[in-house]
Amino acid sequence: MSYHRPTLAELAAKYKARGYEPFYAWDRYVADTGLKPEVDAKEFYRIYANTTAEIVGPKLPSNWVPTHIDMLWNRRVQITHENGVYYMVWDNGVTGSDPESLHPIDRYAEINNDQRA
C-alpha cells in the first residue's frame, strides 16, 4: 500500500476549501509537514492567495441538515446535543464537539425552517 503525500498546492486548496484564514492555514501547513515546511511563510501566503479551493466538495453525512449559522465563520452547521456534548458538522465537512460547559451559544444563530431549504 502506497501513501500519497499531499503537495503544497493540494494542502493549500484543502485549507482554502475549509475556509481557513491565511495565518491559520500556514499553521496547519507547518503542522501537517511535521514542522518541516518546504517553503517559508511569505511563499506559502503567495501560493495560498493564488490557489483555488479544492473542488471535491464536502463529505457530509447523508442525514445532514443545517440547524444553525456559525456567526464566526458565516457557515451553516448542524448541531446536535447528546449526553452533555454538542456535536457540530459544518457545511464544508469539518466536524467538532464541545462539552456543554464550554459551548459558545452566542456563536450560533438557530435557523428557522424557512431558511433550511
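Q: What makes K42 and A49 "exposed", and which face of α3 carries them?
A: The face turned away from the buried side of α3 carries K42 and A49. Exposed means over 50% relative accessible area, buried means under 20%, and partly exposed lies in between (1.4 Å probe, protein chains only). This is a predicted model, in which local features need pLDDT of at least 70 and side-chain atom pairs count only at pLDDT 80 or more, while totals for chains, interfaces and linings use all residues. Residues are numbered from 1 along each chain as its sequence is written, and side-chain values use heavy atoms, without hydrogens and water.

Q: Which residues of α3 are buried, and why are they on the same side of α3?
A: F44, I47 and Y48 are buried. They cover an arc of only 100° around the axis, so they sit on the same side of α3. The arc is that of the directions from the helix axis to the C-beta atoms.

Q: What do the buried residues of α3 pack against?
A: They pack against α1 and α2. Contact here means heavy atoms within 4.5 Å. Helices are DSSP runs of H or I, at least four residues, and strands are runs of E, at least two, numbered from the N terminus.

Q: Which residues of α1 are buried, and what covers them?
A: L8, L11, A12, A13 and Y15 are buried in α1, residues 8-17. Their cover includes α2 (22-32) and α3 (41-49). G19 follows α1, with a positive phi near 80°.

Q: What makes L35 stand out, and how do you know whether L35 is buried or exposed?
A: L35 is not a glycine, yet its phi is positive, about 65°. L35 is found in the loop between α2 and α3. Its relative accessible area is 66%, so L35 is exposed.

Q: Where is N74, and why is N74 called buried or exposed?
A: N74 lies in the loop between β1 (68-70) and β2 (75-82). Its relative accessible area is 64%, so N74 counts as exposed. Phi of N74 is positive too, near 55°, in a residue other than glycine.

Q: Why is D98 not given a salt bridge?
A: A salt bridge needs a side-chain nitrogen of Lys or Arg within 4 Å of a carboxyl oxygen of Asp or Glu. For D98, the nearest side chain of opposite charge, R107, is 6.3 Å away, and D98 is buried. Lys and Arg count as positive, Asp and Glu as negative; His and the chain ends are not counted.

Q: What joins the side chains of D98 and H103?
A: A polar contact of 3.0 Å joins them. The term covers N or O pairs within 3.5 Å; within protein, one atom must be able to donate a hydrogen and the other to accept it, and residues adjacent in sequence count only if both atoms are side-chain atoms. D98 lies in strand β4, residues 95-99.
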